[in-house]
Amino acid sequence: MILCLACYNDRLASLYENAADFLLYEVDGCNSYPVGRLSLPQRDPMQRITALAAHGVTLVICGGICRQERLHLAEAGIAVTPWVCGDPETVLEAYNHGRLHQLTMPGCQRERTGQG
């Protein structure tokens, strides 16, 4: 599985739509290995989704995300775990150990979708 962290500078972007860097990791059980980095500063949502899908991304972890973007990602077969904050290392460690709920953005309540 390829996991993507949608980042801005050295943290997860507070909004997916503002992310400029997408860090890619191969997930194998409780271990994750870096497999690439996409710098996509353009704001065209379909170009982003096409690039993510072309790299085999199956899950995006991000901060907030608008409903339309989330629907487009879902249509491309990419799941989203939103409302997460932190630096990439902390987020990846929390993901690997099933603790993403501890990194929920302040003021946000994790959705009850079975992913959180």
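**Hairpins, strand pairing and burial in a predicted model**

Strands E3 and E4 form a hairpin with 2 residues between them, and Gly29 in the turn has a positive phi of about 65 degrees. Helices (H or I, at least four residues) and strands (E, at least two) are DSSP runs, numbered from the N terminus. This is a predicted model, in which local features need pLDDT of at least 70 and side-chain atom pairs count only at pLDDT 80 or more, while totals for chains, interfaces and linings use all residues. Residues are numbered from 1 along each chain as its sequence is written, and side-chain values use heavy atoms, with hydrogens and water left out.

**Overall architecture**

- The protein contains 3 helices and 6 strands, and from the N terminus on these elements follow the order β-β-β-β-α-β-α-β-α.
- The radius of gyration, taken over C-alpha atoms with a globule rule of 2.2 Å times the number of residues to the power 0.38, is 13 Å for the protein, close to the 13 Å that the rule gives for 116 residues, so the protein is as compact as a globular protein of that length.
- Along its principal axes, the C-alpha trace spans about 30 × 30 × 25 Å.
- Of contacts (heavy atoms within 4.5 Å) between residues at least 6 apart in sequence, 48% join residues at least 24 apart.

**Surface and charge**

- Of the 116 residues, 42% count as buried, where buried means under 20% relative accessible area, exposed over 50%, and partly exposed in between (1.4 Å probe, protein chains only).
- The protein exposes about 6,100 Å², of which carbon and sulfur atoms supply 52%; accessible areas come from the Shrake-Rupley method with a 1.4 Å probe, and for residues only the protein chains shown count as cover.
- There are 9 positive and 12 negative side chains, and the centres of the two sets lie 7 Å apart; Lys and Arg count as positive and Asp and Glu as negative, whereas His and the chain ends are not counted, and the place of a charge is taken as NZ of Lys, CZ of Arg, CG of Asp or CD of Glu.

**Strand E3 and its partners**

- Strand E3 (residues 21-28) is mostly covered, with 6 of its 8 residues buried.
- Two strands pair if DSSP finds at least two bridges between them; E3 is joined to strand E4 (residues 31-39) by 8 bridges in an antiparallel arrangement, and within this pair Tyr25 stands opposite Pro34.
- E3 also pairs with strand E1 (residues 2-8) in the antiparallel sense over 6 bridges, with Leu5 opposite Leu23 and Cys4 opposite Leu24.

**Strand E1 and its other partners**

- E1 is likewise mostly covered, since 6 of its 7 residues are buried.
- With strand E5 (residues 57-61), E1 pairs in the parallel sense over 4 bridges, and the bridge partner of Leu5 in E5 is Ile61.
- With strand E2 (residues 11-12), E1 pairs in the antiparallel sense over 2 bridges, and here Tyr8 stands opposite Arg11.
- E1 and E2 form a hairpin with 2 residues between them, and Asn9 in the turn has a positive phi of about 60 degrees.

**Two buried helix residues**

- Arg48 is found in helix H1 (residues 45-54) and counts as buried because its relative accessibility is 2%; Arg48 and Leu73, 25 residues apart in sequence, are 9.5 Å apart in space, C-alpha to C-alpha.
- Asn96 lies in helix H3 (residues 88-96) and counts as buried at 11% relative accessibility; leaving aside neighbours within four places in sequence, Asn96 is in contact with Cys30, Asn31 and Ser32.
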